[in-house]
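Okay, everyone, thanks for coming. Let me put the structure up, and then I'll walk you through a few parts of it.

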Amino acid sequence: MQKIILKSLFVVASLKYPHIRKSYRYYIRDNYFCRINQVKYCLKDYFRKEKYKVTDFQGEFDQELRYVIPFAYWHFLNGTLLKTISCKNTRELYFFSHNHEERYQVRDWRVPTRYEFPNMEHSASFSYSKWRRVPYKQHFSNSIFVFEKPILIIANKYNMEWDNPPLNFLSITDLDKIISTYGQKYQIIYNRPLPSHIVTDNSEILDLQEHAWLKQTHPEVILVDDLYETYRAKVNNFNHLQLLLYANCDRFISMHGGTAALASCFEGINVILSKGHSKEKELGEFATIFPALSGAKILHAQTTAALFEHLQKHF
């Protein structure tokens, strides 16, 4: 029966979105099925309202931020959340969950599609009926990370992407230009987590060798790695530190993937570098699910040149 329904939903997706490439319509089909699958929980969710829902996720950080945690937060508000299960160092991300288990030591994007979440794949549309914006900025705002100038966070990355060499990243030359141009206006904080700081997935993190360069060339830039060493006694883990820093920031530069999703959870303006013909671009997700995460203004840059144009206009 499930195969028949999935085939029918693919036809619906093809008729509704004929301009979208066929391979992407399968994602839309899966999201349709996710929504239909929620029908079986109507009595529990809207009438009985007992604590029963257990969310269990080991996949990509990006998916967790976009789909899983807002779903769990809806159940918390609805009074039906029983337990949340995720990876190591995620307790603060699920701050609202009174029963959170950090079960997994690694993330694995190859985990099969979980139809138990109303949104779980890339799509041209999303369901927000069981999805609520998580108030990270309000919850983690603090007086610790306050500086003379407003904060500008550069959330960079440098890792293998889809088994190919790095594509979405800022080079040392790019970083030098940003810092030289905006360093007087903002307190720039640079964030590119090391493998020892986060739970990694199947994408190998490479060495851009920019940390030593930043310390020598731009000592005015604050490195999140250094902050982590300084405040280890006051933060529970690296994710906790990121949440505290991001909550006090209104200007972000981030890269395609998890860094972009996290920066989109804290309002303000987030310029996302996402090159090529990504699913997010073709399905219009930078105008739908990304701004929905916090109400942030999302500016998509498909090239480094476009990124600098956005910065010149909005920063």
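So, one definition before we start: the expected span of a helix is 1.5 Å times one less than its number of residues. Keep in mind that what you're looking at is a predicted model.

With 16 residues at 1.5 Å a residue, α2 should span 22 Å, and its end C-alpha atoms sit 23 Å apart, so the two agree. Now, who's buried in α2? The list is Tyr24, Arg25, Ile28, Arg29, Asp30, Asn31, Tyr32, Phe33, Cys34 and Asn37. The cover over those buried residues includes α1 (2–16) and α11 (279–282).

As a quick reminder, strands in a sheet pair through backbone hydrogen bonds, either parallel or antiparallel. Here, β2 (residues 81–87) pairs with β3 in the parallel sense, over four bridges. If you want one to look for on screen, serine 86 has glutamate 102 in β3 as its bridge partner.

Okay, on to a pair of helices. How do α6 and α13 pack? Their axes are 12 Å apart, at an angle of about 10°. Anything under 35 degrees counts as roughly parallel, so α6 and α13 are roughly parallel to each other. On the α6 side, the contact uses Asp174, Lys177, Ile178 and Tyr182, and these meet Thr304, Leu307, Phe308, Leu311 and Gln312 in α13. By type, the residues of that contact are five nonpolar, two polar and two charged.

Staying with α13, residues 304–314: its buried residues are Thr304, Ala306, Leu307, Phe308 and Leu311. Among the elements covering them are α6 (172–182), β7 (251–255), β8 (269–273) and β9 (297–301).

Last stop: a lysine. Lysine 137 is in helix α5, residues 136–140. Is lysine 137 buried or exposed? Its relative accessible area is 11%, and the cut-off for buried is under 20%, so lysine 137 is buried. Setting aside neighbours within four places in sequence, lysine 137 contacts Tyr246, Ala247, Cys249, Asp250, Phe266 and Glu267.

That's my tour, thanks!

Notes. Residues are numbered from 1 along each chain as its sequence is written. This is a predicted model: local features need pLDDT of at least 70, side-chain atom pairs count only at pLDDT 80 or more; totals for chains, interfaces and linings use all residues. Side-chain values use heavy atoms; hydrogens and water are left out. Two strands pair if DSSP finds at least two bridges between them. Helices (H or I, at least four residues) and strands (E, at least two) are DSSP runs, numbered from the N terminus. Buried means under 20% relative accessible area, exposed over 50%, partly exposed in between (1.4 Å probe, protein chains only). Contact means heavy atoms within 4.5 Å. Axes are lines fitted to C-alpha atoms, for helices over the stretch in contact, and angles run from 0 to 180 degrees between N-to-C directions. Angles under 35 degrees count as roughly parallel, over 145 as roughly antiparallel, 65 to 115 as roughly perpendicular and the rest as oblique. Ala, Val, Leu, Ile, Met, Phe, Trp, Tyr, Cys and Pro count as nonpolar, Asp, Glu, Lys and Arg as charged, and the others, Gly among them, as polar.
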